[in-house]
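Here is a short briefing on a structure, sorted by topic. Please keep the coordinates open as you read.

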Number of protein chains: 2
Amino acid sequence: MGIGGRRRMGVEERRRQLIGVALDLFSRRPPDEVSLDEIATAAGISRPLVYHYFPGKLGLYEAALQRAAEDLTERFDEPHEGPLGARLLRVMRRFFDFVDEHGPGFSALLRGGPAVGSAAADALIDSVRQAAYGQILAHLGVSEASPRLELVVRSWIALAESTALIWLDGRRIPRAELELQLVHDFAALAAVGAARDPETAALLRAVARDEPGDGPFAELAARLAALGAPR
Amino acid sequence: MGIGGRRRMGVEERRRQLIGVALDLFSRRPPDEVSLDEIATAAGISRPLVYHYFPGKLGLYEAALQRAAEDLTERFDEPHEGPLGARLLRVMRRFFDFVDEHGPGFSALLRGGPAVGSAAADALIDSVRQAAYGQILAHLGVSEASPRLELVVRSWIALAESTALIWLDGRRIPRAELELQLVHDFAALAAVGAARDPETAALLRAVARDEPGDGPFAELAARLAALGAPR
């Protein structure tokens, strides 16, 4: 390995570098506005050479998307220790870190970007949602969810996505507030689900038993109680 | 106008007929699987003649989508009378009627169909969401929403979409239950929003004041109270 100066990269190393450069550009601006020339320039190679590594912009976009999907999925990892509310809040913080880092690319992808309609992009989005779903069930200690519990969890994942998209559109609410709000939304949707599904109700009771008085769920309960108090 | 038998249609009449036939086919099966030949056969004309009225399958798909968008938007119309919970429930019933009628096409469009990535399709989806948003604000008696109230309403619209998609994927929960659950979800999300936003809190109090004891919001409150009761 050369110390300092330019040196030839191997094929895999060059592919990894190109994916990193492309992901960075696709994250900062709507991917439709990023040209292959620009990616080549940022990577310090010629446009024809890019084609040596990737079949074109769509191929490079899909590879960048694949890396982003793996990155996001890793951020869902959270030790199965301590109260659930605090765990969800830590995951929401890492989710918003990701959304913050990849804002324009995240919006374009979920609102309809250049690779939308591409089966590969759709499959990647689905795999990330499925990973999130599996992680949440694992934290709830459930291996097979009833249809109503499944609906609660999948609905909440959809809500996290739409909340992030709305946040990116102007950032008019501080993200820390939205991270906490999404944890509260989880409790609210679970409560509505629990109101008609014994499995969800039993889970919610078990979760509530382990929540500390200063956790996010207790905070929501206190806020709601204050809201209902006569004034 | 001929009475009975076949007769020549005018251009506009033929376009309308073709859109109706196409919408019906695109609604029943994933639009990718519907061929232009099939649409021509169902409309009783030759394939080349279809091209006389539309530039191709994508153009016909977008025209069908436009009609579906207008249809769905009309179903949001609801008199501004009586308690809010009952109004929302009636709108949810008409929304699920629409989803039921257009199931496979609705899923394909929101999950990624043939016209996705088409700016026209994206704009249509946005226009329907915007119409829904405007209608809900009008029912709440709000002309300009605070960012937090806007988030509650837009989040709920996203939740209605994702709940409908989950329902279509196997129909494992009766739709009547989901229609009511979405009204309850609205109350739950609004309560979480109200816990940190005075405008949303004031609105929620005003809504609660007008709700009858047998309305959907009261039903949720009773169910949640039963859930919290010692057992």
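In this predicted model, the residue of chain A that comes closest to the rotation axis is A:Ala188, with its C-alpha at 2.7 Å. The contact residues of chain A recur in chain B at 100%, so the same surface serves both copies. Chain A itself has 11 helices and 0 strands. The points below go from symmetry to the chain interface, then to the helix pairs and the domains.

**Symmetry**

- Two copies of a chain are related by a rotation about an axis and a shift along it.
- Here the rotation is 180° and the shift along the axis is 0.0 Å. Chain A then superposes on chain B with an RMSD of 0.0 Å.
- That is why the relation is that of a two-fold axis.

**Interface between the chains**

- Chain A puts 33 residues into the contact, and chain B puts in 33 residues.
- On the side of chain A that touches chain B, four elements of chain A give two or more residues: helix H6 (103-112), helix H8 (147-168), helix H9 (175-194) and helix H11 (216-228).
- H8(A) provides the largest share of that side, 10 residues.
- By residue class, the side of chain A that touches chain B holds 17 nonpolar, 7 polar and 9 charged residues.

- The axis of H8(A) comes within 9 Å of the axis of helix H8 (residues 147-168) of chain B. The two axes cross at roughly 140°.
- What does this angle make H8(A) relative to H8(B)? It makes H8(A) oblique to H8(B), because only angles over 145 degrees count as roughly antiparallel.
- H8(A) and H8(B) cross in a right-handed sense.
- From H8(A), the contact uses A:Leu151, A:Arg154, A:Ser155, A:Ala158, A:Leu159, A:Ser162, A:Thr163 and A:Ile166.
- From H8(B), the contact uses B:Leu151, B:Arg154, B:Ser155, B:Ala158, B:Leu159, B:Ser162, B:Thr163 and B:Ile166.
- The residues of this contact are 8 nonpolar, 6 polar and 2 charged.

**H7 against H8 within chain A**

- H8(A) also has a partner in its own chain: the axes of helix H7 (residues 119-140) of chain A and H8(A) come within 10 Å. They cross at roughly 130°.
- That angle makes H7(A) oblique to H8(A).
- The crossing of H7(A) and H8(A) is right-handed.
- H7(A) contributes A:Arg129, A:Ala132, A:Tyr133, A:Ile136 and A:Leu137 to the contact. H8(A) contributes A:Val153, A:Arg154 and A:Ile157.
- This contact has 6 nonpolar residues, no polar ones and 2 charged ones.

**Domains and overall layout of chain A**

- Along the sequence, the pattern of chain A is α-α-α-α-α-α-α-α-α-α-α.
- The C-alpha atoms of chain A fill a box of roughly 70 × 40 × 40 Å along the principal axes.
- In chain A, 10 residues of domain 1 are in contact with 11 residues of domain 2.
- Helix H1 (11-28) and helix H4 (57-75) of chain A each supply at least two residues of the domain 1 side.
- That domain 1 side consists of 5 nonpolar, 1 polar and 4 charged residues.

Terms used. Residues numbered from 1 in each chain as written. Chains lettered and ligands numbered in written order. Predicted model: local features only at pLDDT ≥ 70, side-chain atom pairs only at ≥ 80, totals over all residues. Contact = placed C-beta atoms within 7 Å. Nonpolar A, V, L, I, M, F, W, Y, C, P; charged D, E, K, R; others polar. Least-squares fit on C-alpha atoms with pLDDT ≥ 70 in both. Axes fitted to C-alpha atoms, helices over the stretch in contact; angles between N-to-C directions. Parallel < 35°, antiparallel > 145°, perpendicular 65-115°, else oblique. Left-handed = near helix turned anticlockwise from the far one by under 90°.
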